[in-house]
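Welcome, and please open your viewer.

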Amino acid sequence: SVFTFEGAHADWCAFHPDNRLFALTTSSSSGANYLRFVDGLTGREISQWRDVYPGEGSRFTSTGDLLVLDELPVEEDSLWAISAIDGQQGSRRELLRFPNRPMTPMLTPDGGTLLVRTWLDGHLVIEIWDLATGRQRATLDTNGFTFPEMDVSPDGRLLAVAVQWVSAKAVEPDGVQIWDLVEGKQISTITGYEGTATQARI
């Protein structure tokens with residue numbers, strides 16, 4: 001199928017896990033920017049949102065219910081907001097705000113926990129936030145530079161993270177780290193392959 005939007009061009013897109021619904025952004029020379037949810041089989045636009053900008057790591061959850069976004073700074077307080085949009089129902093809710101730019105926001109399958117990457121002492125860590133209380137539950141220190149790609153197991157207990165570069169403080173080689181999200185502890189590091197890990201799926 002080919003989808004066209006008069007006077008606009010597509011900048012970003014992501015597929016729903018059922019491979020039917022997809023989301024995309026369009027922009028035009030007039031300055032109109034939209035996030036659109038489209039049925040891939042019929043071409044019918046289900047919903048649209050003006051001036052919503054998906055950022056790095058924006059994606060559908062593993063259950064396909066919500067699209068998590070890291071948005072532009074809010075002008076009045078200069079905080080970064082992460083929101084979730086249900087494209088089928090046309091609803092939107094803000095999850096949390098951060099003083100520094102969060103990266104690769106990801107929800108666990110049950111929708112109760114938010115994971116984001118951020119900087120700490122020159123390297124990247126993964127913060128775990130409880131959405132019911134709005135409080136940070138744990139910080140997972142990878143001791144290096146992690147790629148945007150990470151993945152949560154279907155039961156929400158395990159996290160796989162690809163680590164590309166390791167700092168001088170690191171004790172682990174490059175590889176894929178497996179973390180227990182309930183305990184907040186690293187279980188293992190998978191290494192021994194040729195090359196550098198850039199993605200992780202679990």
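This is a predicted model: local features need pLDDT of at least 70, side-chain atom pairs count only at pLDDT 80 or more; totals for chains, interfaces and linings use all residues.

**The whole chain**

Residues are numbered from 1 along each chain as its sequence is written, and side-chain values use heavy atoms, with hydrogens and water left out.

Of the 202 residues, 47% are buried (under 20% relative accessible area; exposed is over 50%, and partly exposed lies in between).

Next, select β1 (9–15) and β4 (45–50), together with β2 (residues 21–27) and β3 (residues 33–39). They form an open sheet in the order β1-β2-β3-β4, with antiparallel pairing (two strands pair if DSSP finds at least two bridges between them). β1 and β4 stand at the edges with a single partner strand each, so one side of each has no neighbour in the sheet. On average, neighbouring strands here are turned by 20° against each other, direction ignored (axes are lines fitted to C-alpha atoms).

Zoom in on β2 and β3, which are joined by 7 bridges. Which residue in β3 is the bridge partner of Phe-22? Select Val-38 to see this partner.

**Stop at Ser-47**

Now move to β4 and pick Ser-47. Is Ser-47 buried or exposed? Ser-47 counts as buried because its relative accessibility is 12%. Its side chain reaches the backbone oxygen of Gly-87 at 2.7 Å. Beyond neighbours within four places in sequence, Ser-47 is in contact with Leu-35, Arg-36, Phe-37 and Gly-87 (contact means heavy atoms within 4.5 Å).

**Into the interior**

Finally, select the largest nonpolar core, whose 12 residues include Val-68, Ile-82, Phe-98, Trp-129 and Leu-131 (a core is a set of buried Ala, Val, Leu, Ile, Met, Phe, Trp, Tyr and Cys residues joined through side-chain atoms within 4.5 Å). Two or more residues come from each of β7 (80–86), β8 (91–98) and β10 (113–120). β8 gives the most, with 3 residues.

A second, separate core has 11 residues, among them Ile-126, Leu-140, Val-161 and Trp-179.

Key
Helices (H or I, at least four residues) and strands (E, at least two) are DSSP runs, numbered from the N terminus. Axes are lines fitted to C-alpha atoms, for helices over the stretch in contact, and angles run from 0 to 180 degrees between N-to-C directions. Buried means under 20% relative accessible area, exposed over 50%, partly exposed in between (1.4 Å probe, protein chains only). A polar contact is a pair of N or O atoms within 3.5 Å; within protein, one must be able to donate a hydrogen and the other to accept it, and residues adjacent in sequence count only if both atoms are side-chain atoms.
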